[in-house]
Amino acid sequence: MSFAPVVDWRPAAAVPAPPAIGALPLPVVGGDLTVPLVTGEQVGYVNLDYAASAPCLRAVLDAVTTLLPWYSSVHRGAGFASTVTTELYAAARREVGDFVGARAEDTVVFTRNTTDALNLLAAALPEDTTVVTFASEHHANQLPWRRGRSIVLPVPASADEAIARADDALRGVSSRHGLLAVTGASNVTGELWPLSELAAVAHRRGARVAVDAAQLAPHRAIDLDALGADYLALSGHKLYAPFGGGVLVGRGDWLDAGRPYLAGGGAVRRVTLDGVEWASGAPRHEAGTPNVVGAVSLAAACRALGEIGMSAVAAHEATLLDRVTRGLRAVPGVEQLAMWGPASPRIGVVTFNVRGFHPGVVAAALSAEHGIGVRDGSFCAHPLMSALAGAHAPEVSGGAAVPGAVRVSFGVGTSMADVDRFLGALTDLVARGPRWRYRVDGGRHVPEPDPRPRPALAGLLAGGTTGAVHGLLASDLAPCQALA
Ligand SMILES: Cc1ncc(COP(=O)(O)O)c(C=O)c1O
């Protein structure tokens, strides 16, 4: 089987690519990766899966490389390198807080990721708290709240309806404390939520607001103080710092009164045989040796994005988004998913289905036949996907049928050429159909056979350099395979 990997494609009205904005796209690690196709060719990799995990910014890798010779134990180490590492960790906390506009009195707790941060907050809520959230949230912003008292509102038909529904629900809350937990930008449709208005409504009803900023933070400036939000969670790996760091930022009173998230060293002032005096502030919830590399790399990402300016980031992504959405409209059978219509403001996340094609086949063929990385599935937002994509081919996930779709997502490392490669490949795929066979393995579509040689990676990829390792990867997949 042999074919040209990419058909010549021009956007609908042969629109020339707009000029690059300032220094964007920014250099990312792996931006020059070459990947094999099932047909044997090698092509430059196009990564359009930023919403799941963004590539590492070059500036972030530089920061980590600079840190590592100095890396040492934090807090109690008496050595000079420990002093430097401890200061770096403290500086990272300030820098990440500043990046999201934290108030002076806010606590910045380093976590593993957004899921961890939201679970931490859920565990620290005053006992008599009702959490109001929407069915459209990522599972990370739904499931932690279900462990306590919670109200799940249906997917709203508009931003205005979201505000009205939140207002209604919070008015009816009879418990002493209320919390509205809402995303800043949908990981499925990219649509931006009316955060200021929601915060105003919540505060009017005596409740607090927690923002899941996993998707918002890489794309928009955030000012927690100006927004009036009380808590915010984000993940380093979506913010160009894939070293295992995340953060929960917000009001210290509940965090100081709540049960320490982990019990152990570092979270205490004094331990006796039958008692513990717990620390307050961030240390209360950071027991154990912290992930200094994760924290410092996250701060480096914040610095790099701050230097480029989040308005430049947003402008860059707006031109890409315009090209993607227009291009998709020109491909026959493509239907883009949105909660609130095509004109609602959004970040660089676009999800779609193609009539007559299983989303898994579209994603697998874009990778295997064109070297383009996108994502398919239900994006850990099953209730939202059921509401949006119910009419499309079901994807079997965890034993239950959940509608699936294809998602492309991009950011500061994405170029117009990347977008055009994707649109060309999709046009080709839809016009001629897949030119390889695909089978379902562990809930995912994979090429059959998959002759793509795996990179040697200096022995890191144990098991060799053929497609034979695939079964291992597939069996490792959780039912909710598309974590983003
Ligand atoms: C909106 C949203 N919230 C939360 C999460 C969970 O993030 P993490 O997997 O980094 O904990 C994601 C991840 O995809 C997300 O997109």
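Q: What does Leu 180 touch, leaving out residues up to four places away in sequence?
A: Val 132, Phe 134, Ala 166, Leu 170, Leu 198, Ala 202, Arg 208, Val 209 and Ala 210, with contact meaning heavy atoms within 4.5 Å.

Q: Before I go on, where do the numbers come from?
A: This is a predicted model, where local features need pLDDT of at least 70 and side-chain atom pairs count only at pLDDT 80 or more, while totals for chains, interfaces and linings use all residues. Residues are numbered from 1 along each chain as its sequence is written, and side-chain values use heavy atoms, without hydrogens or water.

Q: OK, how many residues are in the largest nonpolar core?
A: 83, and Leu 180 and Trp 193 have the most contacts inside it. A core here is a set of buried (under 20% relative accessible area, 1.4 Å probe, protein chains only) Ala, Val, Leu, Ile, Met, Phe, Trp, Tyr and Cys residues joined through side-chain atoms within 4.5 Å.

Q: Which helix gives the most to this core?
A: α9, residues 292–308, with 11 residues.

Q: And what about a second core?
A: That one is separate and has 35 residues, including Met 416 and Tyr 438.

Q: Switching topic: which element gives the most to the lining of the second largest pocket?
A: α3, with four residues.

Q: How does that lining split by class?
A: There are 10 nonpolar, four polar and four charged residues; Pro counts as nonpolar and Gly as polar.

Definitions and conventions. Buried < 20%, exposed > 50% of the residue type's maximum accessible area, 1.4 Å probe, protein only. Helix = DSSP H or I, 4+ residues; strand = E, 2+ residues; numbered from the N terminus.
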